[in-house]
Each structure stands twice: as C-alpha cells, then as structure tokens.
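Me: I am new to this structure and would like to learn how to read it. Could we go through its features one at a time?

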Amino acid sequence: MPYTARKPPLPETPDELRARIPGWGADLDPAVRPQVPRERTDLETGAHWDVPDRQEETYPRERSIEHEQLPPVFGTAQPLHGLSGAIRRFAYERYSEGRLAHWLLLIAGDRVDAAEAHLRSLVTLRPDNPLTETGVLAEPRRHPVASRRGRPDVRHQVLDPVIVAGPWVLGAVVLVEALRALRRR
Amino acid sequence: MRAMVYRGPYKVRVEEKDVPRIEHPNDAVVRVVRAAICGSDLHLYHGMMPDTRVGHTFGHEFVGIVEKVGSSVQNLQVGDRVMVPFNVYCGTCFFCARGLYSNCHNVNPNATAIGGIYGYSHSTGGYDGGQAEYVRVPFADVGPSRIPEWLSDDDAVLMTDALATGYFGAQLADVVEGDTVVVLGAGPVGLFAARSAWLMGAGRVIVVDQLEYRLEKAREFAYAETVNFAEHDDVVVALKKATDGLGADRVIEAVGAEADGNLIQHVTAAKLKLQGGSPVALNWAIDAVRKGGTVSVLGAYGPIFSAVKFGDAMNKGLTLRMNQAPAARQWPRLLEHIQAGYLKPSDVVTHRFELEDIAEAYHVMSSKLDGCIKPLIVPSAA
C-alpha cells in the first residue's frame, strides 16, 4: 500500500518474535554491531609494527602496475612459467586493473595454462583423468536422479560436460583434419 | 603433504606438495584440522576468476593447529588451536588501520582492488589455501585467533567465512526494528544472513532460492518465510505482492557470480565467462527492494563488468553496500551469540569428505547433489 504513508502491518509483534526466534533483537542497538561505524581506528589488530618487515623476493614477482612497489607480503604459490606465464606477465606489466584487456588476458592465460598442464601431464606417470578429476564417479552414490528432480538449473548443468570435454574434442578434430591435410599433400 | 590441486575448469585432484615454509618473520604454518568448500570456491572451480593457476590449492575456510612460527610471532605458540579468517591482512596499512581488513593494501601484489584471500587465485595474492594438510599463514599475529575450548572445530571453521560473512551482510543492510528483509540465496551465507537479520530486529525475513531442500533449511534453521523463484514467472512481482506492493526494506544478495534465474545471464557469465558474474540476483535485489531501501551485496563477482541495472538503483534512491567481510572483526560479538545459544554454526553442515575425495566433494557441491549445503573437508593429518 505505498499509495499512503502507512507501513504494511507485520504479521508478528516484537514480543512474539522474541519468543519464537533465539536472540531476536540482541543486536537492535547499532552500538553493539561490530561494523558500526564502518571505519574504526580503535580496533586492536595484534600488529606490533608500523610498517611490516619485507618478505624476500626470490623470483621476479609480477604485480599490478597500480602498486608503486611490491607489497611487503605476497603469495609465492605457482610462479609464472611457460606461455601462460608470458601472457599473464604481459597483462600485469601492460594494463592496469581498470582495463578490460588486463582481465581478458589473464583469463586467456588461464585457458593456456590448463591446456599446457594437461599436455604436460600426458608425459608423466599421472596423466589427467577426467573421470576421477571431475568427480563424476561420485554420481551413483549421491542420488543423481532424486537430487535433480524438478530442478530448473539442470537445463544448464548439461552444458558442464560440454565445457570440460569440448576443447579436447575440438582439439582432436583439428588434429585429425591437419593430419589429413598433410597426407593429401 | 597432501593438498587439493586445481587442474583446470571442473577438474581437481589431490597431489603431494612441499610442506609450506616460513617466508616472512611473522608467518606461521598451520596443520589443518578442518577445512570447508565455500560457494565462492565454485567460481574458481568453474574457471571464472582470472589468474587461477593450475596447481593452486583452494580453501579459505580452515582451522588447525600451529605447527611452526616465524621469528617475530608473539601472539601464537606452536600447538595453539586457531581459526584463521579468510582474509590475509597486515593490521597496519591505511585500510587495516580503519578496520577494513578485507581491503588490506599490503598483501596482494596482483591487484589493488581486493585484499588477500587464502586459496583464491592470484587475483587475491597467490596464497595457497587450506584444503591441504598444511598452510602458510602470513601475519600470524594479526588474523588468526585461538579457538575457545568450548567451541568445536566444526563450529569454528564456519566462523572463518560463512557465518562471519552472513552476519556482516545483515549489518551492511542496516536493519532496524520491524524491517522486512529479503535474503537472496539459501546457501550457508544466506542462511546465516537471515538468522543475523533477526538478531538485528527484523520484523519479517523472506529467503529466496530455487532449491527446495535449501528453502526447507531456511524455514527450519533461519525461521524464515520462503519463496521458490522457480515457481514464479516473475519473482520480483511475487516479492512486491508479499510486501503489499512496497518492496522489502532491505535485500541481502547472497548469491554472486553464478546466479541462476535467467538463462542468458547465467550462460554468458558462468559458462562462457563473458561477464564478471551473472547479476541476476543483484538485479532482483535492486528491483525488489523498496525505494530508499538498502541492498547489501555479499555475493562474489569477478573483476570484469556485469550487466547490472544501475539506472533503477539510482532512480530508486537505493543505498548499495558491499564488501568482502572482515571476518575477525565479527568474532567477539559472534562468540557471544554462540555462547548465548542464539546460533549454532555447524547446523548448516551437511557433508564431510576426506581430503583424498576432494574431486567428489567439489562435484557434489557444484551439482548440488544429495542435499548438499555445506561440505567440510577432513585432511588425513587432522
């Protein structure tokens, strides 16, 4: 009824809500809410430095050009390598975070990284196994039909296998066509 | 050590990795006792977040035992049982000094728009996460906290993100007594946001999802009214009707990048990665909130643009509030609520997987099989 000033009545009174719901209104007073006010300078963080010690940079660590310097602490997992590394380094060195090209290059780097890793795995003792790594072997034990019955999101779940297998099928088709073309020469 | 490893979109496995070492004087190494898979891990798993590298170990929700500490660590000792907030943060930069821990400027070389997060791609700093036997914890004197003896590992691991984020979201919504609060998404964060809205004095809480088993949980656990959007041609109209045409005073968006409800949005974002995220839930929030109301955004989106209905937000005079939650800032008050019996975090846990079964865990969570709401991961060294 927003055509009048009256607020629609609530189905339950505060007393009824308090009786029904554990803790109803415990944080009614904004002063007890941890986020009030949003910015607070009186919080104890446990830090005992003004400026943190600097972590050793053991390899050329990529960084956003919006950082004037490498921050004192950073993750060292999965350093850049290979073609994907070159793409990612270019994205970081050339484009700021405000540029679409920055992020599209990073996503392209991700796809190249995955392809590189899959191909590399074929010459190891543990090649990628889409059956075990996608977890689909769990299906028979996890009520695959009952879990999905009546769910509208199932219509696009059918795209998932296409996304996983599609690039490989496409790659195989391209390879076969290339071999045929070579043979015809 | 054994660790979950990303192999490319939709593919993960467990591999042998080196045990993390102390790389900075204020580092600790924590032996993981309990980890969890978060809905936002699925964005990584589906290949949506830029700079997610093969070999990366996911996991930003974990608790464990301190195994090693660096030379400058004063507040933790080897053997302490600790919960680690999902944020990596320094405690002293411009932002941390103002309590904005999730926006720390000193921990993420890869981007300035987001702080550090464990196991959440290189876009958040390139830190391996806690779905492993051990994890490196930077700024050990700042983020982690000893777990009170009375709090179980299962409850504590929910404090590290899901509960803290849901509670944070209800605060962002600025709920006042008698407000009608709509929560979009009945995953763990949405369920906790709904419970938290009651703590702030909400007069009505309505939870929206399309999975009936999750809506049932919203009714039982979060004492909420529920709306299954799949049963309505237009869920915004349904929510307007439910609020006498006014719209909700506050809407909390707890869905994020893979929102369903619009096939084109979902496929272009979640499957084809042409948007930073599918903004279906965000657009519903903007449309379903009343004029002058508040939208609180907890859902995670990627850094690429999304097709958001910004004109409606402007014309309706909305307040849009959002952030990654500074989890540890919520803990003192949340512990009081848990001790008072107002909340039991582990009530949302539905599944428990051995680390070795991580691929199965991700598939079950991703495909929402078997009534899955919150899966915990138990490393073999736990």
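Reply: Start with a single pair, and keep in mind that this is a predicted model. A:Arg142 and B:Asp370 form a salt bridge, and their closest N and O atoms are 3.0 Å apart.

Me: What is the general idea behind such a pair?

Reply: Side chains of opposite charge can pair when their charged atoms come close. Between chain B and chain A the count is 11 salt bridges, and over all chains the structure holds 44. Polar contacts can be counted too: 74 residue pairs between chain B and chain A are in polar contact, both residues being at pLDDT 80 or more.

Me: Which elements give two or more residues to the side of chain B that touches chain A?

Reply: In chain B they are strands S1 (2–8), S2 (11–16) and S16 (349–354), together with helices H3 (162–172), H4 (188–199), H7 (263–271), H10 (327–339) and H11 (358–367). By class, this side of chain B has 45 nonpolar, 38 polar and 28 charged residues.

Me: How is the size of an interface given?

Reply: Often it is given as the accessible area lost when the parts come together. Here chain B and chain A bury about 8800 Å² between them, with 54% of that on carbon and sulfur atoms. The contact takes 111 residues from chain B and 97 residues from chain A.

Me: Where do A:Glu93 and A:Arg89 lie?

Reply: Both are in helix H2 (residues 82–94) of chain A, 4 residues apart, which is about one turn of the helix.

Me: What should I look for in the backbone?

Reply: Most residues other than glycine have a negative phi, and most peptide bonds are trans. Two places here can be read against that. The peptide bond from A:Val36 to A:Pro37 is cis, with omega near -10°; A:Pro37 is in the loop between helix H1 (14–20) and H2 of chain A. B:Phe139 is not a glycine, yet has a positive phi of about 45°. B:Phe139 is found in the loop between strand S8 (134–137) and strand S9 (145–146) of chain B.

Me: How many cavities of 30 Å³ or more are there?

Reply: The count is 1. The largest cavity has a volume of about 40 Å³. Its lining takes in residues of both chains, including A:Ile107, B:Met48, B:Lys273 and B:Ile304. By class, the lining residues divide into 6 nonpolar, 3 polar and 1 charged.

Note on methods. Residues are numbered from 1 along each chain as its sequence is written. Chains are lettered from A and ligands numbered from 1 in the order in which they are written. This is a predicted model: local features need pLDDT of at least 70, side-chain atom pairs count only at pLDDT 80 or more; totals for chains, interfaces and linings use all residues. Side-chain values use heavy atoms; hydrogens and water are left out. Contact means heavy atoms within 4.5 Å. Buried area is the accessible area (1.4 Å probe) that two parts lose on being put together, summed over both. A salt bridge is a side-chain nitrogen of Lys or Arg within 4 Å of a carboxyl oxygen of Asp or Glu. A polar contact is a pair of N or O atoms within 3.5 Å; within protein, one must be able to donate a hydrogen and the other to accept it, and residues adjacent in sequence count only if both atoms are side-chain atoms. Ala, Val, Leu, Ile, Met, Phe, Trp, Tyr, Cys and Pro count as nonpolar, Asp, Glu, Lys and Arg as charged, and the others, Gly among them, as polar. On a 1 Å grid over the protein atoms alone, a cavity is a set of points where a 1.4 Å probe fits but cannot get out, and a pocket is an open set with protein on both sides within 12 Å along at least five of seven lines; lining residues have an atom within 4 Å of a point. Grid points are joined across faces, edges and corners, and a volume is the space filled by probe spheres set on the points.
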